[in-house]
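Thanks for coming, everyone. I'll take one model today and walk through its contacts. Here it is.

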Amino acid sequence: MTETRATATNQCPRCGAAFTCGMQAGESACWCAAFPSAFAVPAAEAVDPAAACYCPRCLAELIEQKQAQREGAASR
């Protein structure tokens, strides 16, 4: 079976890694939809589309940090 790899569509504004945004690549869904919702996504017209989202590693780290902040605030 042949695996197809999409061309990188974005560059992570946090670490600079190139990655593929499923929505920009024309896919029906993006890999980021599997992550929990942790913060608001900026309006598409408000940012450069190529820098509008984070790579998988950075998004996972940012979500983890946000969840830790929420848990810390809830325990006070």
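Let me start with a definition: a salt bridge here is a side-chain nitrogen of Lys or Arg within 4 Å of a carboxyl oxygen of Asp or Glu. Now the ground rules. This is a predicted model, where local features need pLDDT of at least 70, side-chain atom pairs count only at pLDDT 80 or more, and totals for chains, interfaces and linings use all residues. Residues are numbered from 1 along each chain as its sequence is written, and side-chain values use heavy atoms, with hydrogens and water left out.

Confidence next. pLDDT is the predictor's confidence in each residue, from 0 to 100. The protein chain has a mean of 81. Of its residues, 75% reach 70 or more. Helices and strands are DSSP runs, numbered from the N terminus: H or I, at least four residues, for a helix, and E, at least two, for a strand. Strand β2, residues 18–19, has the highest confidence, at 94. Helix α1, residues 56–74, has the lowest, at a mean of 88.

Now the layout. The protein chain has 1 helix and 2 strands. Along the sequence, the pattern reads β-β-α.

Back to the salt bridges. How many does the structure hold? There are 2. In one of them, E61 pairs with R14, and the closest N and O atoms are 2.7 Å apart. E61 lies in helix α1, while R14 sits in the loop between β1 (10–11) and β2, so this pair ties together parts that are 47 residues apart in sequence. On accessibility, buried means under 20% relative accessible area, exposed means over 50%, and partly exposed is in between, with a 1.4 Å probe and protein chains only. E61 is partly exposed, because its relative accessible area is 31%. R14 is partly exposed too, at 39%.

R57 also forms a salt bridge with E61, at 3.7 Å from N to O. R57 and E61 are 4 residues apart in helix α1, so about one helical turn separates them. Put together, R14, R57 and E61 are linked in a network of salt bridges.

On to the rings. Rings of Phe, Tyr and Trp (its six-membered ring) pair if their centres lie within 6.5 Å; planes under 30 degrees apart count as stacked, over 60 as edge-to-face, and the rest as tilted. By that rule we get 2 aromatic pairs. F19 and W31 have ring centres 6.0 Å apart and planes at 75°, so that pair is edge-to-face. It links distant parts of the chain: F19 is in strand β2, W31 is in the loop between β2 and α1, and they are 12 residues apart. Is F19 buried or exposed? F19 is buried, because its relative accessible area is 7%. W31 is partly exposed, at 26%.

W31 also pairs with F35, again edge-to-face, at 5.9 Å centre to centre and 80° between the planes. F35 has a relative accessible area of 28%, so F35 is partly exposed. The ring pairs join F19, W31 and F35 into a cluster.

Stay with W31 for a moment. Contact means heavy atoms within 4.5 Å. Leaving aside neighbours within four places in sequence, W31 is in contact with F19, T20, C21, Y54, C55, P56 and L59. Take P56: W31 and P56 are 25 residues apart in sequence, yet 8.0 Å apart in space, C-alpha to C-alpha.

Cysteines now. A disulfide is a pair of cysteine sulfur atoms within 2.5 Å. The count by this rule is 0. C12 is in no disulfide, and its nearest cysteine sulfur, that of C58, is 3.8 Å away. The sulfur of C55 is 3.7 Å from the closest cysteine sulfur, in C58, which is too far for a bond. C12 is buried, with a relative accessible area of 3%. C55 is buried as well, at 4%.

Last, the whole chain. It has 76 residues, and 17% of them count as buried. Among contacts between residues at least 6 apart in sequence, 57% join residues at least 24 apart. Accessible areas come from the Shrake-Rupley method with a 1.4 Å probe; for residues, only the protein chains shown count as cover. The protein chain exposes about 5,600 Å², and carbon and sulfur atoms supply 54% of it.

That's my tour. Over to you.
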